[in-house]
Amino acid sequence: GGHGPYQPHEPGYGLDQPGYSPYEDEIPDPQARMLAIKNAKAYLLKTSTKSGLNLYDHFATMLTKILDEQPENTVDIIETISQDVKWAQFRKKMDTLRDEHLIPPTFEAAEKSKALFVKEVGEEDHEELDEEMGEPALPNVMETAFYFEQAGIGLSKDECYYILLAFKNLVNVQPIQTCRFWGKILGLEMNYIIAEVQLREGEEEEEEREEEEEETVAEEEKEMGEGEEEEKQKEKEPEPPKSTYKPPPEIPKEANGTGTNKYVYFVCNEPGKPWVKLPPVTPAQIVCARQIKKFFTGRLDAPIVSFPPFPGNEANYLRAQIARISAGTHVSPTGFYQFPEDEEEEEGGDTYEENPEFEPSPVAEMVESLAMWAHHVKGILKQGRCVWINPVQKSEEDEEEDEEEEEEEEEEHQEETGQPLLTLISEDEGMKNIPAWTAQASTNLIPEYSIAILQSNRWPGAYAFASGRKFENIYFGWGHKYSPESHTPALPPPAEAEFPTEPGITEATDPTVEEELAFKAAQEEALAEAEEEEDEEGEDD
Amino acid sequence: MEALSLPTALSLVAGGGAGLSPELRAALATSLPLVQRDYRFERVWFWGCIQGVRGAYYIAQGLGPDRAAPRSRLYSLNCLDWSLLTPATEEMLALAEEVKGRFQGDPSFEYSLAEINAEAAARLVQSGKEPVIKEEARLIATIEEIDRAVGIVPRGAFVKTPLGSVHENRHFEGLSLVEAKKLSSYFHFTEPANLKNKTLLEKADLDPSTDFLNSLEHDIPQGSWSIQLEKGGSVVVLRSLLWLGLTFYHVPMTKQFGYVYFGTGEKNLDLPFML
């Protein structure tokens, strides 16, 4: 016998009958067996009231999947497979609409990258031009990448090549004389790839003129606007007190091609995206950038919300940080550059030229002593410029009234001097017990082919390498300076007094009772004296 | 990141500009398998590199059968000779938080605690030890802190068995592109602290075998992760803004993921001002 009695809906129904147990040798009546199988199958085919699936189909799908994929140790992961099959079922049944054929962004980006590889039609003309000009304008990004890779610094080779192609596009579009891969600054949403560029001379003048025209138009509009306002104000009754705050005189930015604006910078978010030119930097922006510390978002038009309020948007902040990093970390082997001999060596000299008699020092020396490296970008003064300018000079242009006021309030602006160009980096101050630079050789195992690597500790992410006559600077980082102390934002200035102190509105303590009585007595005395005088006068008459 | 997939992984995190020189890569390829053999680890991960002023520390982690168990950490100055680090203690963590500034690059360098925190120095003196903290201890504490704070894995990559041990999910096929852009698809690979605080609605969607860790959604301050799609969406890169230098990568719809740290080993305490 077996178990039983079985109900018709249970599997095994009919198997408890004598002769139908699976252990008997006789072949039982096929009809009953078939019935049992049908019952079992019917049970398996029963649709679940909750999910609409049935076990039979589920097993079938699962076994198909397992036999197709044949994973190892299937019995251990059978539950997960079962779950996955159920999830797949679920999704298909819910969607009565067909999915739109989504093109993932991968393919769009691939299209853009492919566009980089296309050679333009008019390129042969460009090549001839370049030969006439002399040095190639396109930087050898791959060579630089190779050297930095020896130190473990740099982007992946693919990205470097895309950047090289993007530079080619830049050179073809803009009138560029020299061009260099400055580095990459990371942002929250997107990153920036930065090119340091010198435009051909004619082009810069045109742009300056355009900028000046824009500025004068703006000034004229402002003056007209102010004239109208003044007329209206004279008609009004007493006005609320005006602020006596006089902003410090605006320090003019340095001319294009000198100081902080020596180079023009182009940025793009990714190779393939269009290059955008960054505006020249003003001293106010540099001074403010020194006081704030903000992440870049990756969008050039993003506002910078900070205190002190940054005069500009992210494009200006980016430009200011680029200027600071260049001034602080662009170095070359000592002696590679020299001051031009024909010009007098002024203290504020900004020009340098290559030294044809430069003898490269061996790598071991470059690593040992920091005196073998020199800055070739002028440092930025506290004022925000490389060359100091007296801000009070502007008062000659203002009206006479203003001049008088300014002379009274004039502070003594001390002339600031910075370190001259081509200072050795051994003069750079460290912070607490951390030197400003760390020098290493790229490898100790193979000294014949090692190169000297410099890392800046003041601007983490700034690197330089030197090998024989080749050297290069680069920056990979978030764009912030290192400070051993935490960043403390500037405090707001104390609130201005609303009204200037005048006797009419100054508070005084109320007189006490004694004072009042004394005053009254004094008044009465004066009255009495006056009456006596009048009486006297009356008597005279 | 997995020692075996080091070359591809390094090229995926190279967007930040930090990486390893060919010499170090070659050295790692030979020394990490030896470490695995000597210490009988099941897996060896290359954790990253902490830059000191005079030298750098390269860190590797070895994992046993339970991936969530405390990991063994090793450090090396040249990627060839590895030394095991002792596990981090709470005391070490507390002391190391006081020490600020760059690592020196010399494991036996001693920070004088008397200058930094007189109380802690006094306590140490009382218990009979010198009021110093060695750079090695600081290194151990820093690595532990970084792992706790920003060591992340994608959701579903690890499963918890009913016995409590954690294994890689062999059925993990990667996050989809949509999921990969969300912070909630990534978990801290540490002891979950506030798993029970979720609302019932959220808990209903969770799967206890895969959702046993904290997700990144509730990290303080908000916005302390930067998610970017690189290479046109074929790689998702998360960069931590709290520990600058921690980069996590994942190729959607594949099993590839990992994180690595290339940095100075200092917490970015200015983060709230910078966002």
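Colleague: Where does Glu532(A) lie?
Modeller: Glu532(A) is part of helix 13 of chain A, residues 513-540. Helices are DSSP runs of H or I, at least four residues, strands are runs of E, at least two, and both are numbered from the N terminus. This is a predicted model: local features need pLDDT of at least 70, side-chain atom pairs need 80 or more, and totals for chains, interfaces and linings use all residues. Residues count from 1 along each chain as written, chains are lettered from A and ligands numbered from 1 in written order, and side-chain values use heavy atoms, without hydrogens or water.

Colleague: What makes the surface patch with Glu532(A) negative?
Modeller: Asp and Glu count as negative, Lys and Arg as positive, with His and chain ends not counted. The members are Glu524(A), Glu525(A), Glu529(A), Glu531(A), Glu532(A), Glu533(A), Glu534(A) and Asp535(A). Patch residues have over 30% relative accessible area (Shrake-Rupley, 1.4 Å probe) and no salt bridge, with like charges joined within 9 Å and nonpolar side chains within 5 Å.

Colleague: Why is the pair Lys184(A) and Glu159(A) called a salt bridge?
Modeller: The term asks for a Lys or Arg side-chain nitrogen within 4 Å of an Asp or Glu carboxyl oxygen. Here N to O is 2.8 Å, so the pair qualifies. Lys184(A) sits in strand 1 (residues 176-185) and Glu159(A) in helix 7 (residues 157-173), 25 residues apart. The whole structure has 16 salt bridges over all chains.

Colleague: How do you know whether the Phe307(A) to Pro308(A) peptide bond is cis or trans?
Modeller: Omega is near 0°, and the bond is cis. Pro308(A) is in the loop between helix 9 (283-291) and helix 10 (314-329) of chain A.

Note on methods
The place of a charge is taken as NZ of Lys, CZ of Arg, CG of Asp or CD of Glu.
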